[in-house]
Amino acid sequence: MENPAEEEAVGVGFDGARAAVLVAGLRRGFASGRTRSYEWRAAQLKGIVRMIDDKEAEIMAALHDDLAKPHMESYLHEISLAKAACTFALKEMKRWMKPEKVPTSITTFPSSAEIVSEPVGVVLVISAWNYPFLLSIDPVIGAIAAGNAVALKPSEVAPATSSLFATILPKYTDNSCVKVVEGSIPETTALLEQKWDKIFYTGNGKVGRIVMTAAAKHLTPVALELGGKCPVLVDSNVNVKVATKRIAVGKWGCNNGQACVAPDYILTTKSFAPTLVDAMKKTLEKFYGKDPLESPDLSRIVNAKHFRRLTSLLDDEKVSGTIVYGGQQDEKHLKIAPTLLLDVPHDSLIMKEEIFGPLLPIITFNEVEDCLDFINSKAKPLAAYLFTKDKRLEERFVKTVSAGGMLINDTALHLANPHLPFGGVGESGIGAYHGKFSFDSFSHKKAVLSRGFGGEAPARYPPYTPQKQKI
Ligand code: NAD
């Protein structure tokens, strides 16, 4: 920490002036040049790996406080993925940092050309509450790997994890170039007023628009990791036992449906729906027992506001009579059981907004073709899933459905492959990260062409004599 004013700034309740002090400190840190070295980047990333190892129990406890997240899920979906992202960056970073030689053209002969990845500078990461550890640290890892100074604003909706970050991250990283700012709308607004070199935001599209508007004032590029309604198309030829397990684990086994890639609704044929619903019920009972509200393997709803938002989707009179499984609620403990709804009207509330919770509508059509048309009539989702053994349908799905990412015969797992970009398209977001895509997201790709003093072409230079114009 370079001066006490900055120390003071890193906390709840700061205004624009204090945010400016914080950014100025980060700019000084970045201008010193130290974040650019491989050694600095590697030291920070090693610090983060150590932090994850040392503080695993505290991280698990914070995630449990915030969401009653089962320890197994905290480990598999947050801690191990964060550690894997960090070790992957450590392993690959030297290669990513190397200038990339590219071919030259006859117009520039003789010359050499390369793309140099340079850090964009001072970046802001604003993250969301549902995977409050992973969604905060993962972009920070990318920002550091690319050589930037970074401020992280974790979500106030997961206060235990936010406060843990503020306590532990400065102990394991260079405090002058990696900062945590806790707070809610006023603090985030103060941060957004500042000039950043990149803003990386995870959350809903409404706030995404606020972020983009604030960024536009300074011509700051943004990555917006948003959500949407992720469809699952289930063909009738599937192994229904495996399919329902994989759908259930991607929905309720991911934070009780509070996940950006969680299946939002299922599409299937009218003739196959009874088989699917029956198998789904059996799978859910096997996973969460006869009284799912008592299951320790289901996260709770994050807070009362989101609980009421979800129950109001069930209260919508348009969906009355469509619940075929679940529906139990415990307001005191903010629990909602896995709930299946069959053939909800297309204009019901639950089909209009992202559900982001344990409710799963199943929509039926006569033909698979109609299911494809339905998906394509909606906003482009963050993820689209297809269960089928039909290779031709798989090809058609991949070709014709636009989504941030897609997965055939499973759910959610695609985001665990660091060789695949993770991000949305259209309403589900702008930009992507994970693995090298994170490094690229926080880098400027500088075009560098280099020439010697030979290879002069007189026609290039005035005066453009008639003789020169002949060529
Ligand atoms: P949230 O409430 O935690 O908000 C996200 C961030 O925005 C927080 O840090 C919050 O402080 C800030 N914020 C909220 N209101 C603001 C305002 N008016 N001005 C400035 N900043 C503000 O999270 P959320 O939006 O409820 O998250 C859920 C949404 O995020 C869902 O749509 C989900 O699909 C999406 N999501 C996407 C991804 C992804 O990787 N694509 C991951 C998780 C969640």
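1. A residue is taken as near a molecule if its C-beta atom, placed from the backbone, lies within 6 Å of it. On that basis 28 residues surround the ligand, and the closest are Ser155, Gly203, Asn204, Gly227 and Cys260. The model is a predicted one, in which local features need pLDDT of at least 70 and side-chain atom pairs count only at pLDDT 80 or more, whereas totals for chains, interfaces and linings use all residues. Residues are numbered from 1 along each chain as its sequence is written.

2. The shell around the ligand comprises 12 nonpolar, 12 polar and 4 charged residues, where Ala, Val, Leu, Ile, Met, Phe, Trp, Tyr, Cys and Pro count as nonpolar, Asp, Glu, Lys and Arg as charged, and the others, Gly among them, as polar. At least two residues of this shell come from each of helix 8 (185-193) and helix 9 (205-217), and helix 8 gives the most, with 3 residues. Helices (H or I, at least four residues) and strands (E, at least two) are DSSP runs, numbered from the N terminus.

3. UniProt, in an unreviewed entry, lists Glu225 and Cys260 under "active site". They span 36 residues in sequence, yet no two of their C-alpha atoms are more than 9.2 Å apart, so they gather at one spot. The UniProt positions are in the numbering used here, feature names are shortened, and annotations may be inferred rather than shown by experiment. The same record, again as an unreviewed entry, places the feature "domain: Aldehyde dehydrogenase" at residues 27-448; the end C-alpha atoms of residues 27-448 lie 25 Å apart, and the span is 41% helix and 20% strand.

4. Are Glu225 and Cys260 buried or exposed? A residue is called buried if 20 or more other C-beta atoms lie within 10 Å of its own, exposed if 12 or fewer, and partly exposed in between, with C-beta atoms placed from the backbone. Glu225, which belongs to strand 7 (residues 222-225), counts as buried because it has 27 C-beta neighbours inside 10 Å. Cys260, in the loop between helix 10 (240-251) and strand 9 (263-269), has 31 such neighbours inside 10 Å and therefore also counts as buried.

5. Contacts are taken between residues whose C-beta atoms, placed from the backbone, lie within 7 Å. Leaving aside neighbours within four places in sequence, Glu225 is in contact with Tyr201, Thr202, Gly423, Gly424 and Gly429. With residues up to four places away in sequence likewise not counted, Cys260 touches Gly227 and Leu382.

6. An open sheet of 7 strands runs in the order 10-13-14-9-8-15-16, with mixed pairing, two strands being paired if DSSP finds at least two bridges between them. Strand 10 (323-325) and strand 16 (405-408) stand at the edges, each with a single partner strand, so one side of each is left without a neighbour in the sheet. The twist averages 25° from one strand to the next; axes are lines fitted to C-alpha atoms, for helices over the stretch in contact, and angles run from 0 to 180 degrees between N-to-C directions.

7. Within this sheet, strand 8 (residues 230-234) runs parallel to strand 9 and is joined to it by 5 bridges, with Val234 opposite Thr268 in strand 9. Helix 11 packs on the sheet, where it touches strand 8, strand 9, strand 10, strand 13 (339-342) and strand 14 (359-365), and its direction makes about 170° with that of strand 13. Lys281 lies in helix 11 (residues 273-288) and is partly exposed, with 16 other C-beta atoms within 10 Å.

8. Strand 1 is joined to strand 2 (residues 112-119) by 3 bridges, with Glu100 opposite Ile115, while strand 2 and strand 20 pair over 8 bridges, with Ala447 in strand 20 as the bridge partner of Ile115.

Notes
Contact = placed C-beta atoms within 7 Å.
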